[in-house]
Amino acid sequence: MTGLRPILVLNGPNLNMLGVREPHIYGHHTLGDVEDMCRERAAALGVEVTFGQSNYEGELVGMIQQARDGASGIVINPGAYTHTSVAIYDALKLAELPVIEVHLSNPHRREEFRHHSYISLVAEGIVAGFGARSFVMAIEGMVGYLRRQVPAGGPGD
């Protein structure tokens, strides 16, 4: 997998409060724990990961735009913006990178308003409902997707 740019793992509003916010839904792992888990798994798979988190929609859009030229793909948990943000949807579409949407809980087992996702419209895949492990599974899924996209004779052969 050499030659690939890092995978951006991006988190939206309130994810900086993991471990404190409703642990019966989101678990006891902190965002730092999640990042450590992702780094460890990515390293075992031979890829790099970078991280971003913001409670502000415009900052998330800016990070996505920067990823266009600096990342191989985006793993994103947009938090509540999943259900509301056309701006994040547009930025992800503009980035022209593979996207995997990730959620700690299963949104379809929760309130009705959480059942719709703008992000799913641009995502190659969705991982939800496995707590912090959802992020690790998303990294694994992204690496698998990227490996399938590498042309014959290129990196990874």
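This is a predicted model: local features need pLDDT of at least 70, side-chain atom pairs count only at pLDDT 80 or more; totals for chains, interfaces and linings use all residues.
# Reading a buried helix and its sheet

Modeller: Serine 134 is buried, with a relative accessible area of 0%.

Biologist: Where does serine 134 sit, and what does serine 134 touch?

Modeller: Serine 134 belongs to helix H5. Leaving out residues up to four places away in sequence, serine 134 touches Val102, His103, Leu104, Val127, Ala128 and Gly129.

Biologist: How much confidence does the predictor place in the protein chain?

Modeller: The average pLDDT of the protein chain is 88, and 84% of the residues score at least 70. Over residues 152-157 the pLDDT is below 50. That stretch has five contacts in the model beyond near neighbours in sequence.

Biologist: How do I read the burial pattern of a helix?

Modeller: An α-helix has 3.6 residues a turn, so residues three or four places apart point the same way. Now take the helix here. H5 covers residues 133-149, 17 residues in total, and reaches 24 Å from its first C-alpha to its last, close to the 24 Å expected. Its buried residues are Ser134, Phe135, Val136, Ala138, Ile139, Met142, Val143, Tyr145 and Leu146.

Biologist: Which elements do the buried residues of H5 pack against?

Modeller: They pack against helix H2 and against strands S1, S2, S3, S4 and S5.

Biologist: How should I read a nonpolar core?

Modeller: In soluble globular proteins, nonpolar side chains tend to be buried together. In this model the largest nonpolar core has 24 residues, and Ile7, Val75, Phe135 and Ile139 have the most contacts inside it. S1, H2, S4 and H5 each give two or more residues to this core. H5 gives the most, with seven residues. Apart from this core lies another, of 20 residues, among them Leu10, Tyr89, Ala91 and Ala95.

Biologist: What does phenylalanine 135 touch?

Modeller: Not counting residues up to four places away in sequence, phenylalanine 135 touches Val9, Asn11, Val34, Cys38, Asn77, Val102 and Leu104.

Biologist: Is valine 34 buried or exposed?

Modeller: Valine 34 is found in helix H2. Valine 34 counts as buried because its relative accessibility is 2%, and the cut-off for buried is under 20%. Valine 34 touches Leu18, His29, Ala132 and Phe135, again without residues up to four places away in sequence. The C-alpha atoms of valine 34 and glycine 131 are separated by 9.6 Å, though these residues are 97 apart along the chain.

Biologist: How do I read the sheet?

Modeller: Strands of a sheet pair through backbone hydrogen bonds, either parallel or antiparallel. Here five strands form an open sheet in the order S2-S1-S3-S4-S5, and the pairing is parallel. S2 and S5 are the edge strands, each pairing on one side only. From one strand to the next the twist averages 20°. H2 packs on the sheet, touching S1 and S2, and its direction makes about 160° with that of S2.

Biologist: Why is S1 described as largely enclosed by the rest of the structure?

Modeller: S1 is largely enclosed because five of its five residues are buried. Ile7, Val9 and Asn11 point one way from the strand, Leu8 and Leu10 the other way.

Biologist: Which residues stand opposite valine 9?

Modeller: Valine 9 stands opposite valine 75 in S3 and opposite phenylalanine 51 in S2. Leucine 8 stands opposite isoleucine 74 in S3. S1 pairs with S3 in the parallel sense over five bridges, and the pairing of S1 with S2 is also parallel, over five bridges.

Terms used. Residues are numbered from 1 along each chain as its sequence is written. Side-chain values use heavy atoms; hydrogens and water are left out. Helices (H or I, at least four residues) and strands (E, at least two) are DSSP runs, numbered from the N terminus. The expected span of a helix is 1.5 Å times one less than its number of residues. Buried means under 20% relative accessible area, exposed over 50%, partly exposed in between (1.4 Å probe, protein chains only). Contact means heavy atoms within 4.5 Å. A nonpolar core is a set of buried Ala, Val, Leu, Ile, Met, Phe, Trp, Tyr and Cys residues joined through side-chain atoms within 4.5 Å. Two strands pair if DSSP finds at least two bridges between them. Axes are lines fitted to C-alpha atoms, for helices over the stretch in contact, and angles run from 0 to 180 degrees between N-to-C directions. pLDDT is the predictor's confidence in each residue, from 0 to 100.
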